[in-house]
Amino acid sequence: MEGAVSKQYLLLAGVPILVHTLKVFQESPLIDEIVLVVPQTDLAKAGEIVSGYGLSKVARVVAGGKERQDSVENGLQAVDDGYDIVVIHDAVRPFITGELIRLAVEGAIEHAAIAIGVPAKDTIKRVDHGETVCETLSRDCLWHVQTPQAFQRHLIKRAYEKARADHFIGTDDAVLVERLGVKVKMIRGSYDNIKITTQDDLRIAEALAGRRQEREGPMRTGFGYDSHRLVKDRPLILGGVEIPYGKGLLGHSDADVVLHAVCDALIGAVGAGDIGLHFPDTDPALKGISSLSLLDRVAALVKERGFSIHNLDVTVVLEEPKMRAYAERMVLNLSRCLSIPPERINIKAKTNEGMGFVGRGEGIAAFAVVTVKEQDET
Ligand code: MG
């Protein structure tokens with residue numbers, strides 16, 4: 001494309017195209033690790049983008065080669081030997097979805113080699129160099145091939161080794177596997193999964209991004225607050241994690257002030273009242289119950305009401321004990337209950353500088369803010 005900026009760094013809806021793409025992989029539960037391949041001259045810039053956007057699954061940024069095939073080969077060499085399945089994707093296809101990644105990975109587990117594509121809609125003719133039609137191909141068997149393509153790691157490595165030995169250059173990864181005589185399974189992808197290579201593509205991409213945003217529906221925010229009294233001889237449970245302290249919070253359930261604030265924020269965001277309405281403290285079934293199971297039920301309620309959870313931010317206010325070492329486990333508990341990636345959950349703690357009931361060590365308070373989105377029904 002014209003211009004000094006490589007196309008993968010051009011902005012789409014205000015964010016580099018590369019970031020749109022990486023985010024989908026970052027958020028897929030099937031992806032453990034990402035190897036990003038960029039031109040040698042872009043290594044520093046790509047590294048900054050990765051850390052700036054919190055793309056923690058990007059384990060390595062490696063330099064590409066002369067041809068696409070050389071770049072993918074460098075990427076494959078940087079993949080840890082412990083992995084069974086490798087998914088290869090063009091950074092300039094930002095409309096990849098979590099569902100397509102799932103189809104590709106599950107397909108590769110079953111069939112060893114997967115290409116994603118869509119049936120051709122236009123009639124395709126073979127034309128000679130004099131621009132005369134030689135043949136009209138039967139459209140029934142023609143597909144546009146996209147990425148992701150997914151493979152068992154040992155198979156794609158072998159395919160690349162053979163291509164190198166034969167000096168064969170292909171236009172995708174699947175063809176290298178086909179040359180081994182191994183069948184590649186085609187899986188139907190999406191016509192939206194376009195490759196952005198021209199200014200026209202970028203305009204189409206802007207329109208697609210806008211349409212997606214509309215379809216996602218408006219965001220809603222919920223706010224929650226809770227506090228409990230600290231007493232002797234109770235376990236201290238915060239965010240579903242037991243913290244050794246000698247004192248704990250008093251309450252009908254396990255008195256997990258963090259999860260109660262989160263529950264109230266979620267209930268508030270979907271307009272369903274408050275935690276007391278759903279879980280009255282007069283209910284004997286709730287006595288001593290783990291608040292993680294209350295949160296499970298609130299997550300189900302949010303879903304029932306047609307919303308998905310986008311992100312969550314929590315502030316815990318306490319003088320003692322130090323909470324930092326436990327925050328990661330709290331985030332993982334919340335991530336599991338709410339079915340959202342840990343990257344979208346933030347937990348922080350602060351003291352009250354000795355003031356008020358928290359300052360005197362009489363109790364702990366927590367605040368939570370959550371955003372939810374109306375779910376796409378199409
Ligand atoms: Mg409470």
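Predicted model: local features only at pLDDT ≥ 70, side-chain atom pairs only at ≥ 80, totals over all residues.
**Stop one: a pocket.** Start by selecting Val 35, Val 37, Ile 88, His 89 and Asp 90, the residues that lie nearest the centre of the second largest pocket. Its lining has 41 residues in total, and its volume is about 1,300 Å³. What kinds of residues make up the lining? You will find 23 nonpolar, eight polar and ten charged.

**Stop two: two helices.** To see where they touch, show the side chains of Arg 68, Gln 69, Asp 70, Val 72, Glu 73, Leu 76 and Gln 77 in H3, which meet Ile 156, Lys 157, Tyr 160, Ala 163 and Arg 164 in H5. Sorted by class, this contact has five nonpolar, two polar and five charged residues.

**Stop three: the backbone.** Go to Ala 112, in the loop between H4 and strand S6 (113-119). Its phi is near 80 degrees, a positive value in a residue other than glycine.

Next, select Thr 147 and Pro 148: the peptide bond from one to the other is cis, with omega near 10 degrees. Pro 148 sits in strand S9 (residues 143-152).

Finish at Glu 320 and Pro 321, joined by a cis peptide bond with omega near -15 degrees. Pro 321 is in the loop between strand S15 (307-317) and helix H11 (324-338).

Definitions and conventions: Residues numbered from 1 in each chain as written. Heavy atoms only, no water. 1 Å grid on protein atoms, 1.4 Å probe; cavity = no way out; pocket = protein on both sides within 12 Å on 5 of 7 lines; lining within 4 Å. Points joined across faces, edges and corners; volume = space filled by probe spheres on them. Nonpolar A, V, L, I, M, F, W, Y, C, P; charged D, E, K, R; others polar. Contact = heavy atoms within 4.5 Å. Helix = DSSP H or I, 4+ residues; strand = E, 2+ residues; numbered from the N terminus.
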